[in-house]
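Subject: Structure for you to look at

Hello,

Please find the structure below. Some notes on what was found in it follow.

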Amino acid sequence: MSSQRFKDAQQVIPGGVNSPVRSFSSMIGDPIFIERASESRIYDHDGNAYIDYVNSWGPTITGHADPDIIHAIEQQLGKGLTYGAPTQLETELATTICELIPSIDLVRMVNSGTEATMSAIRLARGATRRDKIIKFEGCYHGHVDSLLIKAGSGALTLGSPTSPGIPRSLAEETIVLPYNNSKLVKQAFAEWGNDIAAIIVEPIAGNMNCIAPSHDFLHTLRRCCDEHNSVLIFDEVMTGFRVALGGAQAHYGITPDLTTLGKVIGGGLPVGAFGGKRAIMEHIAPLGDVYQAGTLSGNPLAMCAGQTMLNKISNDTGLYTRLEEKARYLCNGLRAIADELSIPFSTRVVGSMFGFFFGAKTAPNNFDEVMQCNIEQFKTFHHNMITQGVYLAPSAFEAGFINTTLTQDDINITLNAARIAMTELTNI
């Protein structure tokens with residue numbers, strides 16, 4: 001049973017998990033321990049199958065255990081797992097990324113999204129010789145000290161640490177603003193513009209559920225950075241190759257100075273990357289004096305898996321249309337059920353990312369609005385869906401994802417389960 005496996009894990013792993021959201025600490029029940037996955041489903045150690053809308057938090061666009069990616073990894077396995085030396089595989093994947101994302105002239109491979117954002121922040125500070133960073137409340141950029149910061153006591157005050165272990169002096173170099181608030185961005189630059197090294201933003205926020213940028217928000221960020229010679233960083237660890245072939249920047253037509261990537265470019269294996277304008281990237285060692293390194297960066301298994309993934313999705317011209325149609329069919333169905341049951345409910349779809357919100361008739365646009373949603377209804381709904389074989393993110397603050405192997409029947413099964421699950425929510 002997963003419950004016993006969880007107890008065993010807690011004896012040797014802090015909280016029983018290696019990433020906190022997996023613990024189900026804010027959900028009902030214990031986490032499910034997964035044994036294997038295939039196409040649109042994951043399977044626990046007891047043989048139960050679940051239709052999966054987490055998809056390892058985004059990377060499995062073409063489904064679990066994609067045979068082409070598995071074959072590429074198997075071919076590489078016989079050649080060795082890691083070298084700590086340059087490979088042609090790194091060059092090939094870097095070339096593909098630069099071709100698919102025109103804002104990237106040079107790209108450096110790392111091992112995780114957190115490492116990518118950490119490096120991009122250091123690079124922006126080193127290139128501008130400035131210290132202050134603007135981030136947005138509700139956006140998550142990995143567990144980087146500079147970015148695990150919550151908003152200060154006022155709309156235009158410097159941040160304070162979210163976690164023990166982060167020096168207050170470092171937090172005070174981070175300005176935390178509400179997402180989608182262009183007015184406060186302009187005010188922040190009016191006050192600190194000459195000290196701001198960079199803005200870092202999720203162009204589509206996927207860590208406070210699924211929040212899309214307002215019409216002028218990303219344009220405002222671009223203009224402010226241009227006016228003050230600051231660096232605009234798009235954190236596309238989640239959205240890169242997820243919402244469009246060129247990422248959210250292609251979807252919205254905004255060009256950042258630096259981009260961080262992860263998830264999809266590893267084809268399911270751990271990987272990250274950061275890249276951007278040549279003039280900025282040339283500040284990175286060994287070309288420049290901003291130091292960054294990684295023994296396992298450019299791991300050959302991750303490189304061949306990522307190259308296979310990007311080849312597949314770039315050669316499939318109808319991919320993103322099909323994924324979005326599935327996401328909209330799912331969310332429209334969920335909303336129709338909630339309307340029938342008179343449950344306040346809203347949804348949002350951007351490409352193959354989606355989110356839904358209990359207690360909100362209109363989809364939220366920032367962290368404060370997300371926090372006003374009915375979290376208790378979500379917790380009960382989540383538990384009811386799990387018991388019916390549908391796996392949703394174990395948090396009301398995480399986006400969902402669609403993969404190509406999800407069928408119409410899978411979605412209809414999901415909607416039938418949702419109708420049953422929602423009937424218990426009318427009194428919550």
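Helix 10 (residues 300–314) has 15 residues, which at 1.5 Å a residue should span 21 Å; its end C-alpha atoms are 21 Å apart, so the two agree. The expected span is 1.5 Å times one less than the number of residues. Helices (H or I, at least four residues) and strands (E, at least two) are DSSP runs, numbered from the N terminus.

This is a predicted model: local features need pLDDT of at least 70, side-chain atom pairs count only at pLDDT 80 or more, and totals for chains, interfaces and linings use all residues. Residues are numbered from 1 along each chain as its sequence is written, and side-chain values use heavy atoms, with hydrogens and water left out.

Buried means under 20% relative accessible area, exposed over 50%, and partly exposed in between (1.4 Å probe, protein chains only). Among the buried residues are Pro 300, Cys 304 and Ile 313. Their cover includes helix 2, helix 3 (88–100), strand 4 (106–110) and helix 11 (319–340).

His 64 sits in the loop between strand 3 (49–52) and helix 2 (67–77). His 64 is buried, at a relative accessible area of 10%. Leaving aside residues up to four places away in sequence, the residues that His 64 touches (heavy atoms within 4.5 Å) include Ala 37, Arg 41 and Asp 52.

Strand 8 (residues 174–178) is largely enclosed as well, because 4 of its 5 residues are buried.

Regards
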